[in-house]
Structures are given as structure tokens and as C-alpha cells.
Amino acid sequence: MFLQKILESYPISEDYLLEILLDIDKQKENHYISKEEITLISNHLGIKESHVCSVVSFYTLLSTNPRGKYIIQICKDVPCYLNDDFNVLKTVENELNIRVNDTTRNQKFTLEYTACIGCCDEAPAIRINNITYTNLTKDKVVNIISDYKEGKHD
Amino acid sequence: MIEQIELTKRFNKIDPQSINDFLEFDGYKVFKKVLTMNSNEIINEIALSKITGRGGAGFPVSIKMSSFANETGVKYIVCNADEGEPGNFKDRYLMEKDPHQVIEGILISAYSTGASKGFIYIRGEYSKSIDIIRHSIKEAYKNNYLGDNILGSNFSFELEIRRGAGAYICGEEFALIESIEGKPGRTRVKPPFPTQQGVFNKPTLINNVETFCNLPFILRIGGNEYSKIGSEYATGTKLISLTGNVNNKGLYEVPYGRTIREVIEILGGGVKDNKEIGMVQLGGACGAIIPESLLDMDIDNEKFAIFDSKMGAGAIIVMDESFDLFDILLKNMEFFQHETCGKCMPCREGHIQVLNLIKKFVRYSATKDDYLSLESLANVIHETTLCGLGQTSMTSILSTIKFFQEEYQQRIRESLFKEGY
């Protein structure tokens, strides 16, 4: 149902594939593109399923595997590293009890690395779904994660 | 005054979501003036300004524009807002704090070159920039700055957003074009260049966000006046993303010709906790790493040529003495190994091998042979890859081989010592 709505919001032209995929990812609670959706998209745009797959697998913001409701992205580039005096990654890993690239059992959180998110002037920074959190301290990270755990962003 | 505020003059003074604020602050005024000029006059002003592209490659803007203007038929303008180079955030600020300035620059380019459609390609991670630009485009349509017969003229122009989805390579012009077409972002073989065959194989003019933002400024004061700002090598102002271990990280606008040291000391307030500068990386992960002794160099592309590098998009990443060179190189190489598109062999395979070699240096198990392999591999990747990613990814290694040779030699000696135990 929601997929049809997304498909209809764009002209039927294959160059909108990436836009469509990003919209689906955003709408789905577990942020992934399913096999059925790939078939529907390819039929709608008149392109091969393999082409849709190649696009999904090329771009790191997209996934064919179910992920958590909240995707926590930790910046792993130099400007954040230089300002990270408490180890952001370890802190988040400890709070969620998972390692990077894992999803929590309750499907609520997925922990990923990201390339620079352009918040280097307020480093260190992380991104949770569409929100960036900057100028992080250990306490701040713990509070942010506990807010999400308690459902304050649900 | 070391700064010169031109492109950032409306920052924090207007509500970026309000076209009225922009209009009250001289917004679209230059575009209205441009509508009374012809293509040659406009491109001539831009040629007089001697402005070069602000995305990293530093190519003269007017040459690209005039060759694009000569193309006929359907043509596209693309604004490259896929700012993914670590350490850079200027384009995000330009979009989030003065979005209509970007649109005004795109409009000037489109009108002067006869393009009828444009795309702003924004990286998917920049959610806020996407929302703000999307809103601004809507407002511009409502007020007839976009659409048919703009402001009653014969000029019509459509503009839409395309989002990236987390691929650094899409900042490369042909990878970006592929991505706009809904494909994986893998580059194409040049020539033909985008100005001849770009989006949907039609002539396409691609410029960086900051480049577009310079156009209203150039046409407001005139190309001649503009060319007086800056140094003998580069004209205008440059947005500098200053990060790392400095007291005042942030975005600064300075005329070309300021030295790196001035930016770090005066604007950045020096290094945090009174430590010494260990290294400075220029441009981002694809830029040179230089020692403190070279900081009196001007910010412009000509001077940077001495280490086969460019100023890039304007990042200055300051690292204090406590950081290890090889840890930094490891971060850089992990980045490129992840971001290579895999199309050409030296880039796809080379980065894996370079990463393995750097890991040996990090773990104190590097030999003289490892060093020689690293040096030759870095040169091969630099010289043989298809696009800018691999051509620049080795700059941090090649520059440190030149400027931090002793660190490499010492690490090899220490590795031997460690092996002995």
C-alpha cells in the first residue's frame, strides 16, 4: 500500500529508482528493501530485478537485510577521531550490548559505521536515523541512547 | 581582518526557510540584473573574475561554462552537493544557512548557458540540507524564480533534488551523473567530458555548491573587481572547514593568499591544551599531510602543486603532536578501501593491498620491503586509476613519504627491534 503511494509519487522513469528506494527505506520500520519490493519496483519501472539489486547493494544507506528501527551511525573518519577522547563507539556498544554492524535482539537498534557526516566542526558526532548529535561527551552519549531506549523518540 | 565575508554574509542574519528574508537581503537582485544581459556578457564577467572551481579540482569555471554554452539541444545543470570528503562541511552550511544563494547561482549559470533543467545532487546523509533546499525550491517556484517564463522573461528553468545514498564516489562527476540516472555510482571513461555528454548523455555543466554561490557575488561587483580579491594565483574568497585539535573549529571565509598558519593561529585560536602541531592534513582524506614547518604556505592551488596536491575543497585538519602518523594513514586508507567503486583494477585491488601494508606499520611489523611496496603501489594507484578517487587517495601516503620520511624509517627500525623479541 505505502509502496504504491511512493511509486506513484514519481514519474515512471528508471532514473527515479534511487529516490524510490530511499523513500521506502525511510518509511519501513526496519529499514530494508525486501525481495517482494524489488520485484514490484522492477515491474513498475520496467527494469530488471538485477539492476534494482545492484543499486541497493552499491549504496551504503540501503540494505536488503532487516535492520533496527533506529540506525546509529558512528563517524569513523579523522576529524571525529581527533576529538574523540572517550571512545564514542565503545560507549554506544556498551550501552546497547552489541558490536558494530549488529542489531539488538529487540530489533530496535542497528549499529553501523559511517563515513564523515560533515559535522567535523562539532566533532565527535553520530547520526541516528535522520538526526545528528554533535559535540558528544560520554554522558551525552549515554543520555541520548537511554532516551531512545525509553522510547522518547518512538 | 583576516576574514572576508562575502558568501557567508547572510549566515545567521536571515531565516533560511524564508524567501522574503533572502529578498530583503539583496537576494535574487543579481539574477534580475543578469536577466538584462546576454550570455557572452555574463560569461565574460566570469572569465574576467578568473574564478576556479571550488569542489577540489580547481578548473577555470568560465572555460567549462563557455564550452557548455556552445552545445545545443537539451542541456542540464548539476549542482554537486555530495560533500563527502572527510573534514569538509562548507556546502552543508551554504545549503542550510543560505539556500536561495545556491539557487541564484544555478539560475545565473542556466540563463547564461541556455540550460532548461537542473539537478541538485545532495548526499543522503545531509537530511537537514535536503529538507531546507526542498523547501526553498518550492518557494522559488511559488515566487516564479523557477518554472516557466521566470519573472516574465523568455527564460524557463526546472530544478529538482536528487539524493545520494551513502557513496563518497558520487562526488566524482561521472559517478554522480550515473547516480542521477538511477544507477550505481561508477565513473565513466573520459573523454567525452560531461559538458559534451553528461546526464542522459546530454551536455551537462557540473559545479560545486560553493562555485555556484560565487556567481551572484562576481556579477554583483564585476569580474574585474572580483579578480582583485585573493592572490596572484587564485582569486576570490575560499570557505575553509577548520577541524581537529584547534580551539575554535569552524567554517571561515578568507581571501585566497592567506597562509595556513594564519587560519590555524588567528581564526582557530591555535592548538588545544597548548600542545604542538604534529601534522596538518589539507583538503580532506584525499589531501596532503604536511609538517608544521610548511604552514606558512598560501592557501591556493598553485603553491600546493609542490606536493602534487591541491587545496581541495578547503579542509584544514589540525593534529596535535600526540597523534601517530600511521593511525591517521590507516583511517584514510580504510576510508578509500571502503569507498572505491570497484570499476578499475588499480583502485579496487590496490587499496586493499595498501591498507594491509599500512596495518603492518601500525602494528610495528613493517620491513624495508613493505615500505618499498607501499611506495611503488601508491604511485601506481595515483597514476593509473580512472577517476579522481584513486588519483588523489594516495596523496596522504606520497606526501608523508616526502615530509615524514624519518617516521617511516624509524617505524621500520622499531619493527625490527620488536621482531627480535
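**Terms and their grounds**

Author: In this predicted model, the area buried between chain A and chain B is about 3400 Å², with carbon and sulfur atoms giving 55% of that area. On the side of chain A, the residues that lose the most area to chain B are Phe58(A), Leu82(A) and Asp121(A), which together give 19% of what that side buries. In terms of contact, 36 residues of chain A meet 52 residues of chain B.

Reader: What makes the pair Lys76(A) and Glu334(B) a salt bridge?

Author: The closest N and O atoms of Lys76(A) and Glu334(B) are 3.8 Å apart, and the cut-off asks for a side-chain nitrogen of Lys or Arg within 4 Å of a carboxyl oxygen of Asp or Glu, so the pair is counted as a salt bridge. Between chain A and chain B the count is 5 salt bridges.

Reader: Why are H14(B) and H15(B) called roughly antiparallel?

Author: Helix H14 (residues 345-362) and helix H15 (residues 368-384), both of chain B, pack at an angle of about 150°, and their axes are 10 Å apart. Angles over 145 degrees count as roughly antiparallel, and H14(B) and H15(B) are therefore described in that way. The crossing of the two helices, H14(B) and H15(B), is left-handed. Residues making the contact include Leu357(B) and Phe361(B) of H14(B), along with Leu374(B) and Leu377(B) of H15(B); by class, the contact of H14(B) with H15(B) has 9 nonpolar, 5 polar and 2 charged residues.

Reader: What makes H5(B) roughly perpendicular to H6(B)?

Author: Helix H5 (residues 90-97) and helix H6 (residues 99-113) of chain B pack at an angle of about 100°, with their axes 4 Å apart. The range for roughly perpendicular runs from 65 to 115 degrees, so H5(B) is roughly perpendicular to H6(B). In this contact, Leu94(B), Met95(B), Glu96(B) and Lys97(B) of H5(B) meet Pro99(B), Gln101(B) and Val102(B) of H6(B), a set that divides into 4 nonpolar, 1 polar and 2 charged residues.

Reader: Which backbone value is given for His31(A), and where does this residue lie?

Author: Phi of His31(A) is near 45°, a positive value in a residue other than glycine, and His31(A) lies in the loop between helix H2 (17-27) and helix H3 (35-45) of chain A.

Key. Residues are numbered from 1 along each chain as its sequence is written. Chains are lettered from A and ligands numbered from 1 in the order in which they are written. This is a predicted model: local features need pLDDT of at least 70, side-chain atom pairs count only at pLDDT 80 or more; totals for chains, interfaces and linings use all residues. Side-chain values use heavy atoms; hydrogens and water are left out. Axes are lines fitted to C-alpha atoms, for helices over the stretch in contact, and angles run from 0 to 180 degrees between N-to-C directions. Angles under 35 degrees count as roughly parallel, over 145 as roughly antiparallel, 65 to 115 as roughly perpendicular and the rest as oblique. A crossing is left-handed if the near helix is turned anticlockwise from the far one by less than a right angle, and right-handed if clockwise. Contact means heavy atoms within 4.5 Å. Ala, Val, Leu, Ile, Met, Phe, Trp, Tyr, Cys and Pro count as nonpolar, Asp, Glu, Lys and Arg as charged, and the others, Gly among them, as polar. Buried area is the accessible area (1.4 Å probe) that two parts lose on being put together, summed over both.
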